[in-house]
Amino acid sequence: MKSLASKGLIASIAAVFAVAAGAASVQDKMSKEAIEKRIEPAAQHYVAGEQSDQQASSGGGARSGEQVYNTFCAACHTSGVMGAPKINNAEDWEPRLAQGMDTVLKHAIEGYNAMPPKGTCSDCSDDEIQAAIDYMIADI
């Protein structure tokens with residue numbers, strides 16, 4: 001009986017080694033780039049004051065008002081979601097502009113009513129926010 005149990009144990013150990021060797025050979029066939037791609041993070045985060053990859057790839061220069069608007073502002077300011085002033089709509093913008101551009105910019109940076117701070121563009125500079133506002137009122 002001992003002999004039969006020993007043979008079973010030896011067979012089990014051999015099977016484990018065979019499976020491990022097979023798995024190792026599959027991993028050896030993956031390129032370093034494929035492995036890096038497979039284990040890369042699902043998302044990235046930015047800390048205030050750091051440069052994002054998007055800014056770095058564009059030479060670190062400021063995005064235009066149109067770029068900021070199209071990326072971060074259009075979702076609300078095209079249709080006026082929750083009272084957002086629509087792009088180039090004088091009726092929507094005039095009461096806000098009557099408060100002065102400093103107030104409009106302050107509200108855009110800090111958030112106001114339903115608008116979150118910087119309108120979800122957490123890595124936008126104050127100048128980029130100003131450029132987006134200027135873009136949205138250019139034809140008024």
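Visitor: At what angle do helix H4 and helix H7 pack, and how far apart are their axes?

Guide: Helix H4 (residues 65-77) and helix H7 (residues 126-136) pack at an angle of about 70°, and their axes lie 9 Å apart. Axes are lines fitted to C-alpha atoms, for helices over the stretch in contact, and angles run from 0 to 180 degrees between N-to-C directions. Helices are DSSP runs of H or I with at least four residues, numbered from the N terminus. This is a predicted model, in which local features need pLDDT of at least 70 and side-chain atom pairs count only at pLDDT 80 or more, while totals for chains, interfaces and linings use all residues. Residues are numbered from 1 along each chain as its sequence is written, and side-chain values use heavy atoms, with hydrogens and water left out.

Visitor: Why are H4 and H7 called roughly perpendicular?

Guide: The angle is about 70°. Angles of 65 to 115 degrees count as roughly perpendicular, those under 35 as roughly parallel, those over 145 as roughly antiparallel, and the rest as oblique. H4 and H7 are therefore roughly perpendicular to each other.

Visitor: Which residues of H4 and H7 meet?

Guide: From H4, Gly65, Glu66, Val68, Tyr69, Cys73 and His77 meet Glu128, Ala131, Ala132, Tyr135 and Met136 of H7, where contact means heavy atoms within 4.5 Å. The residues of this contact of H4 with H7 comprise seven nonpolar, two polar and two charged.

Visitor: What makes the link of Cys121 to Cys124 a disulfide?

Guide: A disulfide is a pair of cysteine sulfur atoms within 2.5 Å. For Cys121 and Cys124 the S to S distance is 1.8 Å, and a disulfide joins them. By this rule the count comes to one disulfide.

Visitor: Why is the disulfide of Cys121 and Cys124 right-handed?

Guide: The torsion about its S-S bond is about 80°, so the disulfide of Cys121 and Cys124 is right-handed.

Visitor: How do you know that Cys73 is in no disulfide?

Guide: The nearest cysteine sulfur to that of Cys73 belongs to Cys124 and is 7.2 Å away, and Cys73 is in no disulfide. Cys76 is in no disulfide either; the nearest cysteine sulfur, that of Cys73, is 8.8 Å away.

Visitor: Are Cys73 and Cys76 buried, exposed or partly exposed?

Guide: Buried means under 20% relative accessible area, exposed over 50%, and partly exposed in between (1.4 Å probe, protein chains only). At 13%, Cys73 counts as buried, whereas Cys76, at 36%, is partly exposed.

Visitor: Why does Gln130 count as buried?

Guide: Gln130, found in helix H7, has 18% relative accessibility and so counts as buried.

Key
Helix = DSSP H or I, 4+ residues; strand = E, 2+ residues; numbered from the N terminus. Nonpolar A, V, L, I, M, F, W, Y, C, P; charged D, E, K, R; others polar.
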